[in-house]
Amino acid sequence: MNLSPFLKLKRWQWWLLVAINIFFLIAGQAAAVLLGRFYYDQGGNSKWMATLVQTAGFPILCIPLFLLRPSEEASTSSTSPSIKTLALLYFVLGAVVGGDNLLYSVGLLYLSASTYSLICATQLAFNAVFSYFLNSQKFTALILNSVVILSLSAALIAVNDDSEGPSGVSKGKFLLGFLCTLGASALYSLLLSLMQLSFQKVLKKETFSVVLEMQIYTSLVASCVSTVGLFASGEWKSLHREMEDFDSGRVSYVLTLVWTAVTWQLCAVGVVGLIFIVSSLFSNVISTLSLAVTPLAALVVFHDKMNGVKIIAMLLALYGFSSYIYQSYLDDIKARRSHTDVQESHDNSSC
């Protein structure tokens with residue numbers, strides 16, 4: 001785990017910071033997925049609009065960035081990369097985010113919220129591979145167990161004959177939704193590893209403001225990509241009629257899009273925060289936990305079908321999450337013990 005910037009914190013302070021980011025991720029992602037499904041169920045049909053709202057709420061992050069920057073700049077001595085380097089980094093990551101969000105939007109259009117969420121759990125297996133090659137993530141028995149169990153959880157959904165999409169969705173479109181969601185999960189996992197690599201090799205700052213900057217600028221690029229797609233596809237022409245025909249009314253249409261944008265940003269802060277504080281693999285595990293919990297909310301809100309296979313898949317996902325959390329706890333103890341030994345050795349040599 002990437003604990004070095006936070007070893008000065010007491011253990012309970014570090015875990016509190018982790019817990020806050022976990023809450024942002026789980027609450028934000030679960031609410032965003034449900035709102036996205038609600039948008040489609042009520043008559044929304046624009047894939048590019050659904051893609052745009054996933055990043056369009058980034059301006060609200062400027063408020064905490066403005067509040068954090070003055071105090072953090074004073075304590076930051078690291079050399080910032082050039083403007084050209086930062087622009088290239090944020091453009092590439094933002095373009096990847098935009099493409100990934102489009103795949104997720106297509107997947108959610110053709111899948112139920114519960115099926116969509118459980119398929120997304122495969123992102124952990126992809127991230128384990130990318131983290132191994134890009135972030136030097138070590139594999140232990142517990143991590144491998146977590147990856148295998150969570151992958152098995154999602155695989156059960158793929159082979160479940162009773163898995164179904166929303167009403168009126170053909171088998172072909174269901175397969176398209178499955179493949180898009182699977183591809184989005186792989187691309188998202190690559191994105192997390194690239195973000196962690198960027199923090200370590202390019203940005204090299206030990207402040208939370210860099211987390212917000214990463215999210216703001218990549219979301220800006222992704223929003224521009226989505227806006228271009230919205231106009232290039234011609235979907236913008238049908239937005240007024242879509243709002244008028246929205247089953248819950250025009251006000252509900254606007255509020256759905258606004259709160260979807262807000263909750264995705266809440267989720268994004270948790271994702272990037274956990275990458276910065278711990279690791280990309282840990283962030284993905286927590287995201288997977290949220291995806292395992294979301295079907296319960298979908299069962300209540302949308303009355304999604306929860307058969308025995310889905311229940312088993314969800315229980316497996318929770319078990320896989322617990323396995324990784326325990327490994328994180330062991331790594332935390334080991335890292336702090338090593339830090340204490342180095343500090344004591346330094347003190348003895350000074351005497």
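Colleague: Let's start with a helix pair: roughly parallel, or roughly antiparallel, for α4 and α8?

Modeller: Bear in mind that this is a predicted model. The axes of α4 and helix α8 (residues 171-203) cross at roughly 160 degrees, coming within 7 Å. Angles over 145 degrees go in one particular class, so α4 and α8 are roughly antiparallel to each other.

Colleague: And is that crossing left-handed or right-handed?

Modeller: The contact of α4 with α8 counts 21 nonpolar residues, along with 8 polar and 2 charged ones. As for the hand, where α4 passes α8 the crossing is left-handed.

Colleague: Now α4 against α9: oblique or roughly parallel?

Modeller: Helix α4 (residues 83-110) and helix α9 (residues 209-232) have axes that come within 7 Å and cross at roughly 60 degrees. Roughly parallel would need an angle under 35 degrees, and roughly perpendicular starts at 65. That is why α4 and α9 count as oblique.

Colleague: How many charged residues sit in the contact of α4 with α9?

Modeller: The crossing there is right-handed. On the α4 side you have Tyr90, Phe91, Leu93, Gly94, Ala95, Val97 and Gly98, and they meet Glu213, Met214, Tyr217, Thr218, Val221, Ala222 and Val225 of α9. Sorted by class, that gives 10 nonpolar and 3 polar residues, while the number of charged ones is 1.

Colleague: What about α8 and α9, oblique or roughly perpendicular?

Modeller: Their axes come within 12 Å and cross at roughly 120 degrees. The roughly perpendicular range runs from 65 to 115 degrees, so α8 and α9 are oblique.

Colleague: Which residues of α9 make the contact with α8?

Modeller: It's a right-handed crossing when α8 passes α9. By class the contact holds 6 nonpolar residues and 1 polar, with no charged ones. From α8 come Met195, Ser198, Phe199 and Leu203, and from α9 come Val210, Val211 and Met214.

Colleague: Zooming out, how many helices does the protein chain have?

Modeller: Read along the sequence, the pattern is α-α-α-α-α-α-α-α-α-α-α-α-α. The strand count is 0, and the number of helices is 13.

Colleague: What share of the contacts with a separation of 6 or more join residues 24 or more positions apart?

Modeller: For the chain as a whole, 50% of the 351 residues count as buried. Among contacts with a separation of 6 or more, the share joining residues 24 or more positions apart is 87%.

Colleague: How far apart in space are Val106 and Trp48, C-alpha to C-alpha?

Modeller: Val106 is another α4 residue, and at 11% relative accessibility it counts as buried. Leaving out neighbours within four places in sequence, its contacts are Lys47, Leu176, Gly177 and Cys180. Val106 and Trp48 are 58 residues apart in sequence, and their C-alpha atoms are separated by 9.2 Å.

Colleague: Last one: what is the relative accessible area of Tyr116?

Modeller: Tyr116 is in helix α5 (residues 113-120). Neighbours within four places aside, it is in contact with Val33, Tyr104, Gly107, Leu108, Leu111 and Thr181. Tyr104 is 12 residues away in sequence and 9.0 Å away in space, C-alpha to C-alpha. Tyr116 is buried, and its relative accessible area is 3%.

Notes
Residues numbered from 1 in each chain as written. Predicted model: local features only at pLDDT ≥ 70, side-chain atom pairs only at ≥ 80, totals over all residues. Heavy atoms only, no water. Axes fitted to C-alpha atoms, helices over the stretch in contact; angles between N-to-C directions. Helix = DSSP H or I, 4+ residues; strand = E, 2+ residues; numbered from the N terminus. Left-handed = near helix turned anticlockwise from the far one by under 90°. Contact = heavy atoms within 4.5 Å. Nonpolar A, V, L, I, M, F, W, Y, C, P; charged D, E, K, R; others polar. Buried < 20%, exposed > 50% of the residue type's maximum accessible area, 1.4 Å probe, protein only.
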